[in-house]
Protein chains: 2
Amino acid sequence: MKLYDFELSGSCYKIRLFLNIVGVEYQKEKVDFVGKEHKNNKYLGLNPFGEIPILEDGDLRLRDAQAILVYLAKKYDASDTWYPEDARSAGQISQWLSTGGGEIMNSAGARLVKILDYPLDLEKLQAGARRVFGILDAHLANREWLELGHPTIADIACFPYTALAGEGGIDLTPYANVRKWIERITSLPRFVPMPGISANS
Amino acid sequence: MKLYDFELSGSCYKIRLFLNIVGVEYQKEKVDFVGKEHKNNKYLGLNPFGEIPILEDGDLRLRDAQAILVYLAKKYDASDTWYPEDARSAGQISQWLSTGGGEIMNSAGARLVKILDYPLDLEKLQAGARRVFGILDAHLANREWLELGHPTIADIACFPYTALAGEGGIDLTPYANVRKWIERITSLPRFVPMPGISANS
């Protein structure tokens, strides 16, 4: 299995994290994201949307971090707990897959402005991120995990760009339940860190 | 089953369309989207993201059109063809669920500017929509359906705001494969129209 990867990408990181959790061996192909290698013809051939991560497993190639999480959970999660097959669980988890690829990407955008000088509207992105962190915080007021009472790919999908919010200039101090949830995730067995996100020791 | 619905919403329409395809009876609760009823306290209690559709089925409440499609397919699609359970199919379909809730929403945004005067950047939205229609068109050059060689919830998720592109000021003439795909969808058994999208007679 091959992951087209950039170490500082939270979207790639969520795949690395989940691959480690389910214990699948894979090979990394480093993509020069800063040099926009993912926008060149070779990479547009692999993913016309010009984004990473991209996963190759045998003759299957998948784009989109959330789609990759769905595939990996269904194929390699022997515990069948990270994305249970019943309709109710799948529907509940899918809500947060949309959020992880959607509203939470405001935080990713803010971080791109701060660390790579992307010409985006920082204030609008930060406001969008704060709005979703407020919603997450309220949701987590009486829950340890986003759905089902245990960790699922919903948590994995929403985690990286929440934990990296500080790098986009967003202070998580007001979101106590979110911060406790981050601690729970960073304490999971087989957790792996990335630059900006440490394991909870 | 209850769907919180607005007739002119393409996101609500994809649920109405799929409910009709799988043959499930449901009740509609009309939401005054133009009057921003979905942003009032009652609706923020049902979905803190302040969006429709929302689906209630017994004691389960789901937000997000794509999550609702996943739930309905797994629970009510007796043919098991609209969202097959194997990892490979689910991964492939999930890519387009992300696209349907993501890049294609540029077209939805352009339409909100055109028909409801939303203060959004029309040119940027139209450019984003044209980019994804170009990708869709290339993908459909040698395919009748987005994945698996038959209709799936991937098609349902991406269809409405593609078919409604004209209402956002986007001409689909350059995208011949997309137009043929729209014709295929509007010819499906149990297809239902909405204002702006007719059945293919």
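1. Let me start with the lining of the largest cavity in this predicted model. Its residues comprise four charged, one polar and one nonpolar. By name they are A:Glu103 together with B:Asn47, B:Phe49, B:Glu51, B:Arg63 and B:Asp64.

2. How many cavities of 30 Å³ or more does the count give? The count comes to one, and the volume of the largest cavity is about 30 Å³. As a reminder of the idea behind this, rolling a probe the size of a water molecule over the atoms shows where empty space is left.

3. Now to the contact between the chains. Chain A contributes 33 residues and chain B contributes 33 residues. Between them, about 2700 Å² of area is buried, with carbon and sulfur atoms giving 57% of that. On the chain A side, the residues that lose the most area to chain B are A:Phe49, A:Arg63 and A:Gln95, which together make up 23% of what that side buries.

4. How are the two copies related?

5. Finally, a word on annotation. An unreviewed UniProt entry assigns "domain: GST N-terminal" to residues 1–80 of chain A. Over residues 1–80, chain A is 39% helix and 20% strand, and the end C-alpha atoms lie 21 Å apart.

Key
Residues are numbered from 1 along each chain as its sequence is written. Chains are lettered from A and ligands numbered from 1 in the order in which they are written. This is a predicted model: local features need pLDDT of at least 70, side-chain atom pairs count only at pLDDT 80 or more; totals for chains, interfaces and linings use all residues. Side-chain values use heavy atoms; hydrogens and water are left out. UniProt positions are given in the numbering used here, feature names are shortened, and annotations may be inferred rather than shown by experiment. Helices (H or I, at least four residues) and strands (E, at least two) are DSSP runs, numbered from the N terminus. On a 1 Å grid over the protein atoms alone, a cavity is a set of points where a 1.4 Å probe fits but cannot get out, and a pocket is an open set with protein on both sides within 12 Å along at least five of seven lines; lining residues have an atom within 4 Å of a point. Grid points are joined across faces, edges and corners, and a volume is the space filled by probe spheres set on the points. Ala, Val, Leu, Ile, Met, Phe, Trp, Tyr, Cys and Pro count as nonpolar, Asp, Glu, Lys and Arg as charged, and the others, Gly among them, as polar. Contact means heavy atoms within 4.5 Å. Buried area is the accessible area (1.4 Å probe) that two parts lose on being put together, summed over both.
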